[in-house]
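Biologist: Please show me how to read a structure like this, one feature at a time.

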Amino acid sequence: MDKWQRLALYAGFLVFFAVILIVGLRYQTYLYSQAKEYYDILPFYRFRTFFFVAIGMLLALPHLNRTRSKSGRWGFDWLKFTVFGLPLFYAWVVPLLYFTEWAPSVKLPFASFLLGGYFGNVVSTSFDTIIGVLFGYVIVNSVIKRKKF
């Protein structure tokens, strides 16, 4: 693939990513206004949690495309997923579990940190966003091709 084709591919990916991001953030704003009106924050928080994981997965698609063109058989890098993915999964799921019935009564490790107890609510939303994007990226980035022996 020459550099002009790659440029067109990356530009198309950027436009696609921007459209997904704008539509998703507008829908998130709509859900937030509905949450304020009907006092039901769970749909907003559920969407916000899963949307940023999907954004992270979308950001890792060029890596998956490069991996697809390599020779070998598909595999999964369990070491990368264990070292990076499992702690990110825990940090991603604890705020979501807060809205379930059993989680507030259970003392989870680092729960006050992950729920914004140390940073406050403003930084907590950024923290949740960053964790979601990183977790989605690690999921897709852990898919590899192993050399055939």
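**Contacts of one residue**

Modeller: Leaving out residues up to four places away in sequence, Phe81 touches Phe76, Leu86, Phe135, Val138, Ile139 and Ser142. Contact means heavy atoms within 4.5 Å. The model is predicted, so local features need pLDDT of at least 70 and side-chain atom pairs count only at pLDDT 80 or more, while totals for chains, interfaces and linings use all residues. Residues are numbered from 1 along each chain as its sequence is written, and side-chain values use heavy atoms, with hydrogens and water left out.

Biologist: Where is Phe81 placed? And is Phe81 buried or exposed?

Modeller: For burial, relative accessible area is the scale: buried means under 20%, exposed over 50%, and partly exposed in between, with a 1.4 Å probe and protein chains only. Phe81 has 16% relative accessibility and therefore counts as buried. The residue sits in helix H4.

Biologist: How many helices and strands does the chain have?

Modeller: Helices (H or I, at least four residues) and strands (E, at least two) are DSSP runs, numbered from the N terminus. Here there are 6 helices and 2 strands, in the order α-α-α-β-α-α-α-β along the sequence. Of the 149 residues, 30% count as buried. Among contacts with a separation of 6 or more, 74% are between residues 24 or more positions apart.

Biologist: How do I read a helix pair, and at what angle do the axes of H1 and H2 cross?

Modeller: Axes are lines fitted to C-alpha atoms, for helices over the stretch in contact, and angles run from 0 to 180 degrees between N-to-C directions. Angles under 35 degrees count as roughly parallel, over 145 as roughly antiparallel, 65 to 115 as roughly perpendicular and the rest as oblique. The axes of H1 and H2 come within 9 Å and cross at roughly 170°, so these helices are roughly antiparallel to each other.

Biologist: Which residues of H1 and H2 meet?

Modeller: The H1 side includes Phe13, Phe16, Phe17 and Ile20, and the H2 side includes Pro43, Phe44, Phe47 and Arg48. The residues of this contact divide into 18 nonpolar, 2 polar and 1 charged. In that count Ala, Val, Leu, Ile, Met, Phe, Trp, Tyr, Cys and Pro are nonpolar, Asp, Glu, Lys and Arg are charged, and the others, Gly among them, are polar. Take Leu21 of helix H1: apart from residues up to four places away, Leu21 touches Phe51 and Ile55. Leu21 counts as partly exposed at 27% relative accessibility.

Biologist: How do the axes of H2 and H4 cross?

Modeller: The axes of H2 (residues 42–59) and H4 (residues 78–97) come within 10 Å and cross at roughly 165°. That makes H2 roughly antiparallel to H4. Tyr45, Arg46, Thr49, Phe50 and Val53 in H2 meet Trp92, Pro95 and Leu96 in H4. By type, the residues of this contact are 6 nonpolar, 1 polar and 1 charged.

Biologist: How many aromatic pairs are there in the whole structure?

Modeller: A pair of aromatic rings is described by the distance of the centres and the angle of the planes. Rings of Phe, Tyr and Trp (its six-membered ring) pair if their centres lie within 6.5 Å; planes under 30 degrees apart count as stacked, over 60 as edge-to-face and the rest as tilted. The search of the whole structure finds 13 aromatic pairs. One of them, Tyr32 with Phe44, is tilted, at 5.2 Å centre to centre and 55° between the planes. The pair links distant parts of the chain, with Tyr32 in H1 (residues 3–38) and Phe44 in H2, 12 residues apart. Tyr32 is partly exposed at 41%, whereas Phe44 is buried at 10%. Ring pairs also join Tyr27, Tyr30, Phe47, Phe51 and Phe52 into a cluster.

Biologist: What about the loops? Where does Tyr39 lie?

Modeller: Tyr39 lies in the loop between H1 and H2. Tyr39 has a positive phi of about 60° although it is not a glycine, and it is exposed, with a relative accessible area of 76%. Another loop residue, Phe99, is found between H4 and helix H5 (111–114). Phe99 is partly exposed at 31%. Neighbours within four places aside, Phe99 is in contact with Ile41, Leu42 and Tyr45.
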